[in-house]
Amino acid sequence: MSYKLKLAHKHHDQLDQIEAWLNANVGPGSKRHANNTWLGAEDWYCYEEALVPGSDEEEEEYYDNDDNLEDISDLIFMFRRESDLLMFSLKWA
């Protein structure tokens, strides 16, 4: 079983800090270009999920400004342990 958390695109500029924190506090992990299966003994991984205009997951506030729509995505973090998900959400969400 794995645990999933969506972190809004506003955290993209902190991704290096988030990854360093995860490696120090959760364990080994990596960033992927797409959702896939676990690699080896990783405790976490993350990937970007693009928001599709008009979808149920679209958040209207993202489209109320002049941002380039292609730059809009969420960061999805996957964890092996629920306790790691909780610790991460308290720190970053």
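Analyst: Let's start with E48, which has a relative accessibility of 34% and so counts as partly exposed. Keep in mind that this is a predicted model. The partner of E48 is K31: their side chains form a salt bridge, with an N to O distance of 2.9 Å. K31 belongs to strand β2 (residues 29–32) and E48 to strand β3 (residues 44–50), so this pair ties together parts that are 17 residues apart in sequence. K31 is also partly exposed, at a relative accessible area of 37%.

That bridge is one of five salt bridges in the count. Another joins the side chains of K6 and D74, at 3.9 Å from N to O. Here distant parts of the chain are linked: K6 sits in strand β1 (residues 3–7) and D74 in strand β4 (residues 73–79), 68 residues apart. K6 is partly exposed, with 42% relative accessible area, whereas D74 is buried at 3%.

Now for E42, which is in the loop between β2 and β3. E42 counts as buried, at 11% relative accessibility. If you skip its neighbours within four places in sequence, E42 is in contact with P28, G29, S30, R32 and R80. E42 and F79 are 37 residues apart in sequence, and their C-alpha atoms are 8.8 Å apart in space.

Both R32 and F79 lead us on to the rings. R32 lies over the face of Y45, 4.2 Å from the ring centre, and F79 is part of one aromatic cluster together with W21, F77, F88 and W92.

How many aromatic pairs does a search of the whole structure find? The search turns up six. Take W21 and W92: their ring centres are 6.3 Å apart and their planes stand at 80 degrees, so the pair is edge-to-face. W21 is in helix α1 (residues 15–25) and W92 in helix α2 (residues 82–92), so the pair ties together parts that are 71 residues apart in sequence. W21 and W92 are both buried. The rings of W38 and Y45 have their centres 4.9 Å apart, with planes at 80 degrees, so that pair is edge-to-face as well. Y45 is buried, at 2% relative accessibility, but W38 is partly exposed, with a relative accessible area of 23%.

Y45 therefore has two partners to look at in the viewer: R32 over the face of its ring and W38 in the edge-to-face pair. W92 has a charge on its ring as well: the charged end of K91 sits over it, 5.4 Å from the ring centre. And W92, as noted, pairs edge-to-face with W21.

Methods
Residues numbered from 1 in each chain as written. Predicted model: local features only at pLDDT ≥ 70, side-chain atom pairs only at ≥ 80, totals over all residues. Heavy atoms only, no water. Salt bridge = Lys/Arg side-chain N within 4 Å of Asp/Glu carboxyl O. Helix = DSSP H or I, 4+ residues; strand = E, 2+ residues; numbered from the N terminus. Buried < 20%, exposed > 50% of the residue type's maximum accessible area, 1.4 Å probe, protein only. Phe/Tyr/Trp six-rings, centres within 6.5 Å; stacked < 30°, edge-to-face > 60°. Lys NZ or Arg CZ within 6 Å of the ring centre and 35° of its normal. Contact = heavy atoms within 4.5 Å.
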